[in-house]
Structure formats: C-alpha cells, structure tokens
Amino acid sequence: MEFLSSIRNLPNHCKSALQNIWRNGVMSISSIFAVTITLLLIAILGIIAINVNKITLSIENSLTIYVKVDREATNKQAKKIGEELNMIEGVKKVTYSSKEQELNKLINSQSSENKKLFATYKKDNPLGDAYQVEVKNAKNIATIAKQIEDIPNVNEVTYGGSSTSDMVNLLEHIRNGGAIFALALTVVVLFMIANTIKMAITSRSTEIAIMRMVGASNWYIRLPFMLEGVFIGLFGSIIPIIVLYYGYSFAYDQFTKVLSSSVMVLEAPFPFIWHMSGILVLLGCGVGLIGSFFSVRKFLKF
C-alpha cells in the first residue's frame, strides 16, 4: 500500500529528484562525471571486445580446406569424393570446382603477359577437379583434413598445416581473454558508479533523518533518491552516447578505407550504435537505481 501510494505520486517524486540534483550541485556533478567517465570506458571496451570477437570469428570462418582430385579420376569418382566430403562430421559446406574452372582461376591470377602462356593449357588441361571445404569449427580443421586424405582419388589436401592450427588457438585465446578482461573491467567500473552515488547520498544522511522524524514513510523517502540515481545515470550516459555516435562512425569509415577486406570487417555503425547506446543508458540508470536503493536503505533501518 505504501509503495502504491508512492507510485501514484511519481510525477512529484521525479520533480523532487531533479530539484535535489540541482540543489546538491557539486555532489551531483561529481556523480554525473563519474558515470560519464566509467560509461565511456565501458563503451570503448565494449566496442573493442565485440569487434575483436567479430574479426576472429570471420578469420576462423574463412579458413577452408582445399582438396585436389586426381587428374585421372573420372567424373563419377570426382562426384563420389564430393558425397564423402559431405558425410564427414564437422563439414559445413562443400563447393565443387571443375578442372576448367580451376584453370580459369589460375589464368586470371596471372599477369597480362603470363595469361597468354597459361591459356595454351586449355587444349591439354594439366589440372584436376577440386573441392573447397568449409568446416563448422576451425579447431577441427586438422582432424577433418586427415580424414579427407584417406578418401580414394584425392591427390592433395591443403589447409595451412600446424601454422593454421596455431593461429586458430591464438584467436580463441584472444577472444576468450578479451571477453574476460572486458567483463571484469565492466564490473569494476559499475562498482565505481554505485560507490560514487552512495557517497552522494551518505552526505545527506541528516536530510533523511529529518524526513523520518516528521513521519515520512520509507518508500516516500526512498523513491526520490532512487529516481535521483536514475537521472544521474541518464545524464551521465549522454556524453558517452554522443562520443559513441560520432567516434565510432568516424573510426568505421577510416578503418574500411585503410583496410577493405572480407575478413577484417567491423560491426556496421547502425544498428550497432543504437544497441550500444541502449546498453549504456540501461547500465547507467540501472546502477544508479540499485546504488541509491541500497544507500538509502541503511539509513531507514532502526
């Protein structure tokens, strides 16, 4: 009942919360500044962690196994190899390339002078059919390559060997380590926000005591302080969102200009920026709300 009564007076509590932020200018500004710095740090860490994860996954997904079929193999035997490749556990996609297509790829990869030379091989194509195999998990690429080598009429299997496996392990360590580091630092900075808001409310313990003495209910006292925490979190998220909007858009444009690759691709600015902005607002308001709730709570116990 007490809580419902406080909710009905929510507009008045919001007005009171904003007035208290204005009245306690120095502490409010310091709290907002702390929220701004920590949310800005979270935004930067979040951008780095998400894009590192995207790039590492793209690199892993780009790793393929190149399978050369014996030149003497018949069309039926080449087709049989494709069927067996699709049956191997862990294979995501198998792409067939005829010997004519393989020769055309080789010709197109040459300089203009060499193209004429290699074009003469069209009369007697020395190449065989080929398959490009994509795997579901890059960690299994070596195991799958070994299974492919045992298939009859397979001439050569190429995937990069131990260096590729080492790179896959390194990328996995980077992704996992980055995620743990970002999560740990996020917890630390959120604690800093909550602690700053607690300090601001603790400095007003006398105000809370007077309200209790005149008979104000717990929720009547608590709600304006909780709303203060929400507003401090909201105001503190404005600058990080502006920096995120313009900073990430600029960084994305510069990155794509310098390094245009199908593998090294960042998250597109939109809707990524809107999602990150929503997270920053929720973090700021949520921590402000929770920090205020527990800070006021200890002054209401007697």
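Four strands form an open sheet in the order β2-β3-β1-β4, and their pairing is antiparallel. The model is predicted, so local features need pLDDT of at least 70 and side-chain atom pairs count only at pLDDT 80 or more, while totals for chains, interfaces and linings use all residues. Residues are numbered from 1 along each chain as its sequence is written, and side-chain values use heavy atoms, leaving out hydrogens and water. Strands (E, at least two residues) and helices (H or I, at least four) are DSSP runs numbered from the N terminus; two strands pair if DSSP finds at least two bridges between them.

β2 (91–97) and β4 (154–158) are the edge strands, each pairing on one side only. From one strand to the next the twist averages 20°. Axes here are lines fitted to C-alpha atoms, for helices over the stretch in contact, with angles from 0 to 180 degrees between N-to-C directions. β1 (residues 64–69) pairs with β4 in the antiparallel sense over four bridges, and Tyr66 stands opposite Thr158 in β4. Helix α5 (residues 99–108) packs on the sheet and touches β1, β2 and β3 (130–135), where contact means heavy atoms within 4.5 Å. The direction of α5 makes about 85° with that of β2.

In helix α2 (residues 10–23), the buried residues are His13, Ala17, Asn20 and Ile21. Buried means under 20% relative accessible area, exposed over 50%, and partly exposed in between (1.4 Å probe, protein chains only). These four cover an arc of only 100° around the axis, which puts them on the same side of α2; the arc is that of the directions from the helix axis to the C-beta atoms. Pro11, Asn12, Lys15, Trp22 and Arg23 are exposed on the other side of α2.

Helix α12 (residues 269–297) holds Ser277, which is buried at a relative accessible area of 8%. Leaving aside residues up to four places away in sequence, Ser277 touches Ile241 and Leu244. Phe270 and Trp274 also lie in α12, four residues apart, about one turn of the helix. They form a tilted aromatic pair, 5.3 Å centre to centre with 40° between the planes. Rings of Phe, Tyr and Trp (its six-membered ring) pair if their centres lie within 6.5 Å; planes under 30 degrees apart count as stacked, over 60 as edge-to-face and the rest as tilted. Tyr245, Tyr246, Phe270 and Trp274 form one aromatic cluster.
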